[in-house]
Amino acid sequence: MEKVNQLWAKTNRWHRGLFLFILVELRIFPGGQVGFECNDPNLSHPYTGDTISWKVLFITTMVLPLIFMLIVERKYHADKSTHPKTQVLCWYKEYLFGFLLNLIVVQVLKLLVGSPRPHFFETCDPKELATCKGSEYVSSYTCNKAHWLSQSDRSFPSGHTSLAVHAGFFVAYYLHRRTSCSQRLNAVTVLQVICVVTAIFCGVSRIMDHRHHWWDVLAGAVIAAPILVYTIKTLCSDFECLDNEPSEKTLVTESSEIPLIDTKET
């Protein structure tokens with residue numbers, strides 16, 4: 001037990017978060033499985049792919065916030081005592097941790113609930129579907145298509161929506177806090193609207209693509225809200241500048257704390 005405590009003491013929040021995320025992705029622990037009704041029209045949609053793929057989602061939600069913050073701090077706050085790049089890296093580190101928290105919550109719920117996607121019958125092709133009739137409820141099933149075993153039952157909640165809301169509203173609020181009324185030109189307002197509308201569009205596209213039910217998308221947005229507030233108000237201190245510029249050693253330590261995040265389709 002002492003060795004476990006020593007090992008735990010050497011870990012940080014990133015190690016613990018990533019460890020939990022890996023456990024969920026590997027499905028070491030059994031998850032839930034929501035059954036289905038025969039001929040359920042909500043599960044009979046064809047699989048048509050993604051309007052916004054998970055690769056595009058991850059690139060935009062992880063890169064664009066950094067770019068926006070670098071531009072704004074360099075343009076409007078370059079004369080402050082704290083170096084703009086230093087401040088941005090501190091906020092971006094906290095943004096990424098909030099991003100990781102969001103991802104963990106979504107993936108844990110996907111595993112625990114095990115809700116079939118709208119294209120469940122086509123992509124899973126459950127063996128029990130061949131024998132069930134009418135509105136009979138099937139509580140346990142086995143997919144015939146092996147490559148969809150880990151995806152057909154991960155509809156709730158929508159990870160795309162949750163991450164898009166996290167990123168879009170984060171940037172929109174950041175622009176509100178870090179540009180004054182005199183600085184907030186039409187271009188800044190337009191960028192804020194684009195960020196919010198893009199996040200909403202991502203959620204709507206998941207419904208239109210029949211990748212999620214509407215309640216999955218709503219749940220994804222609801223999950224993102226408290227995590228976003230925690231990220232902004234607590235982790236990023238409501239975008240208040242640092243009093244003193246951190247030492248070079250501190251920056252190296254904090255930067256090395258940020259790992260690369262990878263996942264399967266959300």
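How many helices and strands are there in the protein chain? There are nine helices and two strands, taken from DSSP runs (H or I of at least four residues for helices, E of at least two for strands) and numbered from the N terminus. Along the sequence they come in the order α-α-β-α-α-α-β-α-α-α-α. Keep in mind that this is a predicted model, where local features need pLDDT of at least 70, side-chain atom pairs count only at pLDDT 80 or more, and totals for chains, interfaces and linings use all residues. Residues are numbered from 1 along each chain as its sequence is written, and side-chain values use heavy atoms, with hydrogens and water left out.

Now for the chain as a whole. Of its 266 residues, 45% are buried, where buried means under 20% relative accessible area, exposed means over 50%, and partly exposed is in between (1.4 Å probe, protein chains only). Take the contacts between residues at least 6 apart in sequence: 85% of them join residues at least 24 apart. A contact here is a pair of heavy atoms within 4.5 Å.

Let's start with H3, residues 54-76. Its 23 residues reach 33 Å from first C-alpha to last, close to the expected 33 Å, the expectation being 1.5 Å times one less than the number of residues. There is a kink of about 25 degrees at Val63, shortly before Pro65; the bend is the angle between axes fitted to the seven residues ending there and the seven starting there. Pro65 is itself buried, as are Phe58, Met62 and Phe68, among others in H3. The cover over those buried residues includes H4 (84-113), H6 (159-178) and H7 (186-208).

H4 is the next stop. At 1.5 Å a residue its 30 residues should span 44 Å, and its end C-alpha atoms are 43 Å apart, which agrees. Because 22 of those 30 residues are buried, H4 is largely enclosed by the rest of the structure. After the helix comes Gly114, with a positive phi near 65 degrees.

How do the helices pack? Two packed helices are described by the angle and the distance between their axes. The axes of H4 and H6 come within 10 Å and cross at roughly 155 degrees, which makes H4 roughly antiparallel to H6. Axes are lines fitted to C-alpha atoms, for helices over the stretch in contact, with angles from 0 to 180 degrees between N-to-C directions. Under 35 degrees counts as roughly parallel, over 145 as roughly antiparallel, 65 to 115 as roughly perpendicular, and the rest as oblique.

Beyond its neighbours within four places in sequence, Asn102 is in contact with Ser162, Leu163, His166, Ala224 and Ile227.

H6 also packs against H8 (residues 214-235), at about 40 degrees with the axes 8 Å apart, and that makes H6 oblique to H8. This crossing is right-handed. Within H8 sits Ile232, buried with a relative accessible area of 6%. Leaving aside neighbours within four places, Ile232 is in contact with Phe170, Tyr173, Ser237, Asp238 and Phe239. Ile232 and Tyr95 are 137 residues apart in sequence, with their C-alpha atoms 7.9 Å apart in space.

Notes:
Left-handed = near helix turned anticlockwise from the far one by under 90°.
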